[in-house]
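Here are my notes on the aromatic contacts. Please read them with the structure open.

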Amino acid sequence: MSETKRARTFGVNNFKKIPQIEQYLTPDQIEAIEVVGNVLPFKVNTYVVDELIEWDNVPNDPIFVLTFPQKEMLSPEHFSRVQHALKENLPKGELKEIVNEIRMDLNPHPAGQMEMNVPEVDGYKLTGIQHKYRETMLFFPNQGQTCHSYCTFCFRWPQFVGIDELRFAMKESELMVKYLKEHPEITDVLFTGGDPMIMSTKQLESYVLPIIEQVPHVQTIRFGSKALSYWPYRFTHERDSEELLALFRKIQEAGKHVAFMAHFNHPQELKTDALKEAVATLRENGVQIRTQSPIMRNINDSSDAWAKMWKEQVRLGMIPYYMFLARDTGAQDYFAVPLVRAWGIFKKAYEQVSGIARTVRGPSMSAEPGKVQILGETEINGEKVLGLRFIQGRNPEWVHKPFFAEYDEKAIWLDDLKPAFNQDEFFFEADYNAMKEEAMQELEIAE
Ligand SMILES: *Cc1c(COP(=O)(O)O)cnc(C)c1O
Ligand code: SF4
């Protein structure tokens, strides 16, 4: 292994030290970064700045939009309040108050997430666990609640800006293992965050080893991570990269599959030698890489970007997995792509690739009842409709059953859709409402 690499990271307080900023941006653009960066999380590292962003294309460069706060992410009212506060040099406390008010306005928790998905062991609420779909448990290790850089569209931003008392985070692996033992239906543990690859190998081991030593029914350990894009040296040039690879091999020696759920948004993230070396290294160590990304206006809302990305991923030995839709929090107005348009982009990209890349599914919304895929527009008995289906559901019986909504070009989320054919509700709604009711009652009993 060659020399250790370290990233330098920048945020709202020091981004002006990045040499490219003054060279390529106007004073207004710099001010906009500062204003929005005071409200929404902002962190970018030297790898992204020097290797991924194509500064000649800034401000339109997709990786620049992905990582640098954009003026349009705040409403004009919110923007000018913060702009004013900074210009007037208001005391820190006053600025903070304004910023917090705006953050609350931005809907930090999509409804349902908190009430319905927090499991318990021995009466303890396991806030670091989310168990929504029968086979898969999500785990948010406490030390994994940050990332190598931040995506501007990230819906987890309340975790990063620290206003979230009910952080999805937990300290001990012990309770997690106990929960797994009580739930033999769980086959997959998905480490997520933030980014679990931000943790040292030692920290990761403290969570992973107890699972492989004590929970035989877990067959797949997944890591949801953007490190291949934001810091590929994690796998090749860090002090404990070798140990990390050894941990991945150890999971396999215990008879389990290592699934690396890599988050890529644009083909530009696949161009560097560092990325290619990291992917090859993971593959040599038996790690299977699957890829996923949301579809975002101003970043990747073109079929060609997706087709190119999927083809390049396949060439490098990765498996395209999901295209997601933007969810309803943060700066969704700036990034949202309506369902019908997203489906059109997906279809046009899907047309261009062979079956090897058609493992990808989407576009899919992670809505409260489940992951809902847009199958597309069609006409039934003269009525224009949208076909949909669950890829994952709170009730597994909902999965893979086509259902229909009225055609609506403007809809951006499941709530915006109405059942087709004058039905009162979608087929799953009665069942889902009963589940919600039950969860609410349990909450009241607990309190
Ligand atoms: C997407 C998701 C999963 C994993 O779903 P797969 O289709 O198995 O990849 C698990 N839990 C939650 C809450 C999810 O959103
Ligand atoms: S890498 Fe993932 S968790 Fe981190 S900022 Fe981006 S979307 Fe959010």
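Is Phe428 buried or exposed? Phe428 counts as buried, at 3% relative accessibility. Buried means under 20% relative accessible area, exposed over 50%, and partly exposed in between (1.4 Å probe, protein chains only).

1. Basis. This is a predicted model: local features need pLDDT of at least 70, side-chain atom pairs count only at pLDDT 80 or more, and totals for chains, interfaces and linings use all residues. Residues are numbered from 1 along each chain as its sequence is written, chains are lettered from A and ligands numbered from 1 in the order in which they are written, and side-chain values use heavy atoms, without hydrogens and water.

2. Ring pairs. The structure holds 32 aromatic pairs. Rings of Phe, Tyr and Trp (its six-membered ring) pair if their centres lie within 6.5 Å; planes under 30 degrees apart count as stacked, over 60 as edge-to-face and the rest as tilted. Trp398 and Tyr432 pair edge-to-face, with 6.4 Å between centres and 80 degrees between planes. Both residues, Trp398 and Tyr432, are buried.

3. Neighbours in sequence. Phe427 and Phe428 also form an edge-to-face pair, at 5.6 Å centre to centre and 85 degrees between the planes. Phe427 is partly exposed, with a relative accessible area of 34%.

4. Cluster. Ring pairs join Phe390, Trp398, Phe403, Phe426, Phe427, Phe428 and Tyr432 into a cluster.

5. Charges over rings. Lys71 lies over the face of Phe79, 4.9 Å from the ring centre. Lys226 sits over Tyr230 at 4.8 Å. The criterion is NZ of Lys or CZ of Arg within 6 Å of the ring centre and within 35 degrees of the ring normal.
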